[in-house]
Amino acid sequence: MRVRLAPSPTGTLHIGTARTAVFNWLFARRQGGQFLLRIEDTDKERSKPEYTANILEGLQWLGLNWDGEPVVQSERIAEHRAAIQQLLDSGHAYRCYASEAELTEMRERQAAENRAPRYDNRHRDLSSEQVQAYIAEGREATIRFRIDDAAAITWSDLVRGEMRWAGADLGGDMVIARRAPADQIGDPLYNLVVVVDDAAMAITHVIRGEDHIANTAKQLLLYEALGAPAPVFAHTPLILNKEGKKLSKRDGVTSVSDFRSQGYTAEALANYMTLLGWSPPEGMGERFTLEQAAAAFDFDRVNKAGARFDWDKLNWLNSQVLHEQGPEQLLAELLPLWSAQGWAVERAEPSWLQELSALLGPSLVTLQDGIAQAQPFFERPELNAAAVTQLESEGARPALQALLERLPEGALTADAAQALLGEAVVAAGVKKGVLMKTLRAALLGSLQGPDLLTTWLLLQPSGEARSRIERSL
């Protein structure tokens with residue numbers, strides 16, 4: 001069993017393409033088959049090496065390892081042209097000399113008559129005299145594949161069941177090669193090259209989005225004409241926005257690299273993409289790894305309806321992944337983000353950094369949260385309005401003064417810190433809650449933040465705790 005992902009490097013790795021990759025990977029691993037990769041770079045103007053690099057890096061980051069070397073479509077043009085010549089020789093294809101002006105006039109007339117746009121097959125059966133006349137005019141020709149209006153195209157779709165299309169609904173004879181001089185074959189086009197490449201790669205199952213259904217009907221005709229066995233098809237639901245429309249750049253983040261830069265983990269994003277159109281078996285829950293999903297994946301549980309993107313669900317999954325990570329693993333992901341802020345993490349003790357990551361971990365939703373929450377430990381924060389109000393409240397100054405008078409130099413243990421708090425509360429004659437709330441305002445410049453005792457112990461060894469209390473007084 002062989003499946004493939006065939007991205008076009010005309011942009012970064014889109015979440016929809018990545019979800020298609022996930023479904024292909026899961027099916028291949030469940031079936032003990034191969035997950036292959038083909039770079040469809042025949043759009044010369046828009047394809048760029050940096051997009052190819054982004055796609056490969058994104059798949060690797062997600063853990064979607066592929067089998068063998070990627071096939072590069074542009075390196076197979078000779079094979080594509082050979083297939084077109086085969087179709088010309090067999091009479092399944094012909095040269096069409098209709099000019100762009102003639103085709104435009106045809107489409108405008110159809111629109112005026114409220115008819116669906118379609119090629120009227122006007123050059124399907126030209127005589128040799130007509131062909132020579134067009135060539136004498138200097139006309140170039142596209143190459144079209146004959147589509148019989150009476151043809152009935154059927155296939156059993158793994159997601160949608162029995163599918164049936166009429167040849168009359170496919171828009172007339174299909175262009176399979178761009179315009180070129182009459183003695184040449186122009187650039188081969190999508191539907192033709194996909195069929196040729198899938199046949200050459202011995203692809204057994206084509207898993208892709210439902211927006212390709214009409215292409216499948218056309219491609220099945222090409223498989224038959226070329227004498228190649230057709231693969232099994234599975235058309236997965238599209239990813240929709242909250243309004244139920246196809247997810248697009250207008251909805252904000254759509255590329256895998258964007259999700260990564262916003263602090264989402266590969267494990268959470270892969271987990272969430274699996275849920276975009278697939279329902280896990282009862283008892284499995286919604287939190288799982290790719291390997292766990294592969295052990296249960298089948299198309300019986302893939303939905304026909306579009307999958308709405310749910311940010312709350314993704315955020316929950318990402319928080320679960322981060323909360324499950326140990327301090328060392330979490331620190332490895334946070335350190336590059338902290339370094340990028342210009343913070344001197346290389347001068348900090350490794351054990352101190354690990355304690356900081358352990359402190360922040362339980363409250364993180366994305367890795368980006370680890371920047372804002374770590375900032376007060378690397379930069380002295382300004383006092384916000386709520387902190388100032390607390391520092392000016394009754395009992396606040398005596399409480400801080402009493403603590404400062406008893407504060408030693410150097411590190412503190414948790415037990416020693418608790419004892420100091422008890423002594424300061426008695427000396428100042430205030431409730432412990434007043435001192436704790438005031439100490440938080442002094443250390444963090446805010447009344448919100450992580451565990452106060454651990455925060456104090458992390459700021460204590462460098463003398464930063466003392467400095468912030470003095471500033472507040």
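## Report on a predicted protein chain

Buried residues, meaning those under 20% relative accessible area, with exposed over 50% and partly exposed in between (1.4 Å probe, protein chains only), make up 48% of the 473 residues in the protein chain. This is a predicted model, in which local features need pLDDT of at least 70 and side-chain atom pairs count only at pLDDT 80 or more, while totals for chains, interfaces and linings use all residues. Residues are numbered from 1 along each chain as its sequence is written, and side-chain values use heavy atoms, with hydrogens and water left out.

### Overall form

The protein chain holds 20 helices and 12 strands, where helices (H or I, at least four residues) and strands (E, at least two) are DSSP runs numbered from the N terminus. Its radius of gyration is 32 Å, whereas a compact globule of 473 residues would have one near 23 Å; the radius is taken over C-alpha atoms, and the globule rule is 2.2 Å times the number of residues to the power 0.38. Along the principal axes, the C-alpha atoms fill a box of roughly 110 × 45 × 40 Å.

Of the contacts (heavy atoms within 4.5 Å) with a separation of 6 or more, 75% are accounted for by residues 24 or more positions apart. The protein chain exposes about 22200 Å², of which carbon and sulfur atoms supply 49%, the areas coming from the Shrake-Rupley method with a 1.4 Å probe. The mean positions of the 49 positive and 63 negative charges are 3 Å apart; Lys and Arg count as positive and Asp and Glu as negative, with His and the chain ends not counted, and each charge is placed at NZ of Lys, CZ of Arg, CG of Asp or CD of Glu.

### Aromatic pairs around Phe-259

A search of the whole structure finds 15 aromatic pairs. Rings of Phe, Tyr and Trp (its six-membered ring) pair if their centres lie within 6.5 Å, and planes under 30 degrees apart count as stacked, over 60 as edge-to-face and the rest as tilted. Two of the pairs involve Phe-259.

| Pair | Centre to centre | Angle between planes | Class |
|---|---|---|---|
| Phe-259 and Phe-309 | 5.8 Å | 40° | tilted |
| Phe-259 and Trp-311 | 5.6 Å | 25° | stacked |

Phe-259 lies in helix H8 (residues 256–261) and Phe-309 in the loop between strand S12 (307–308) and helix H11 (311–324), so their pair ties together parts that are 50 residues apart in sequence. The pair of Phe-259 with Trp-311, which lies in helix H11, likewise links distant parts of the chain, 52 residues apart. Phe-259 and Phe-309 are both buried, and for Phe-259 the relative accessible area is 0%, whereas Trp-311, at 33% relative accessibility, counts as partly exposed. Elsewhere, ring pairs link Phe-23, Phe-27, Trp-278, Phe-288, Phe-297 and Phe-299 into a cluster.

In helix H16 (residues 396–406), the buried residues are Ala-396, Ala-399, Leu-400, Ala-402, Leu-403 and Leu-404. These residues pack against helix H15 (385–391), helix H17 (414–428), helix H18 (432–444), helix H19 (452–459) and helix H20 (464–472).

Helix H17 is also the place of Ala-419, which counts as partly exposed at 37% relative accessibility. Ala-419 and Gln-390 are 29 residues apart in sequence and, C-alpha to C-alpha, 23 Å apart in space.

Thr-216, in helix H7 (residues 213–226), counts as buried at 0% relative accessibility. Leaving aside residues up to four places away in sequence, Thr-216 touches Trp-155, Arg-208, Phe-233 and His-235.
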